Amino acid sequence: ADLYRRLVDLFRSATTESLSQLGLAMTARDLAAAAGVCHKLASSSANVGALTYARELRRLEQLCTAGDDAKASELHDEIQAAHPALLDALLNLTLRATA
């Protein structure tokens, strides 16, 4: 339980920074940089068990790699919006594990 809690804490801080980087890349229309951030975020998400979130990040990575700016931008907005709920869900899991 302690290890998982530490992983979630690391995930929270790392993803907050990475999502900021992703947002900057998307705003600049730097899809290559955005794809790289997505790749890293997807791996981190999978490590804490956020498999659906990881799958969507991989899909965004593919859209960025393909140069589909419109669909990538739309999915990016969805991923950003889902992040707070994901953090809440992970926090609830760590609280239950330590109870």
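Select Arg12 to begin: Arg12 is partly exposed, with a relative accessible area of 34% (buried means under 20% relative accessible area, exposed over 50%, partly exposed in between, with a 1.4 Å probe and protein chains only). This is a predicted model, in which local features need pLDDT of at least 70 and side-chain atom pairs count only at pLDDT 80 or more, while totals for chains, interfaces and linings use all residues. Residues are numbered from 1 along each chain as its sequence is written, and side-chain values use heavy atoms, with hydrogens and water left out.

Asp9 forms a salt bridge with Arg12, and the closest N and O atoms are 2.8 Å apart (a salt bridge is a side-chain nitrogen of Lys or Arg within 4 Å of a carboxyl oxygen of Asp or Glu). Asp9 and Arg12 are three residues apart in helix 1, so about one helical turn separates them (helices are DSSP runs of H or I with at least four residues, strands are runs of E with at least two, and both are numbered from the N terminus). Asp9 counts as partly exposed, at 34% relative accessibility.

Go next to Arg5 and Asp2. They form a salt bridge whose closest N and O atoms are 2.9 Å apart. Both residues lie in helix 1, three residues apart, about one turn of the helix. Arg5 is partly exposed at a relative accessible area of 34%, and Asp2 is partly exposed at 43%.

Now select Asp69 and Arg29. The closest N and O atoms of this salt bridge are 2.9 Å apart. The pair links distant parts of the chain, 40 residues apart, with Asp69 in helix 4 and Arg29 in the loop between helix 1 and helix 2. Asp69 is partly exposed, with a relative accessible area of 23%, whereas Arg29 is exposed, with 54%. By the rule given above, the count comes to four salt bridges.

Return to helix 1, residues 2-27, and select Leu3, which has its place there. Is Leu3 buried or exposed? Leu3 counts as exposed, at 55% relative accessibility. Accessible areas come from the Shrake-Rupley method with a 1.4 Å probe, and for residues only the protein chains shown count as cover.

Move to His76 in helix 4, residues 69-98. His76 is buried, with a relative accessible area of 9%. Which residues does His76 touch, not counting residues up to four places away in sequence? They are Leu22, Gly23, Met26 and Leu60 (contact means heavy atoms within 4.5 Å).

Finally, select the whole chain. The protein has four helices and zero strands, and from the N terminus on its elements run α-α-α-α. Its C-alpha trace spans about 45 × 15 × 15 Å along the principal axes. Of the 99 residues, 35% count as buried. Residues 24 or more positions apart account for 57% of the contacts with a separation of 6 or more. The protein exposes about 5700 Å², and carbon and sulfur atoms supply 56% of it.
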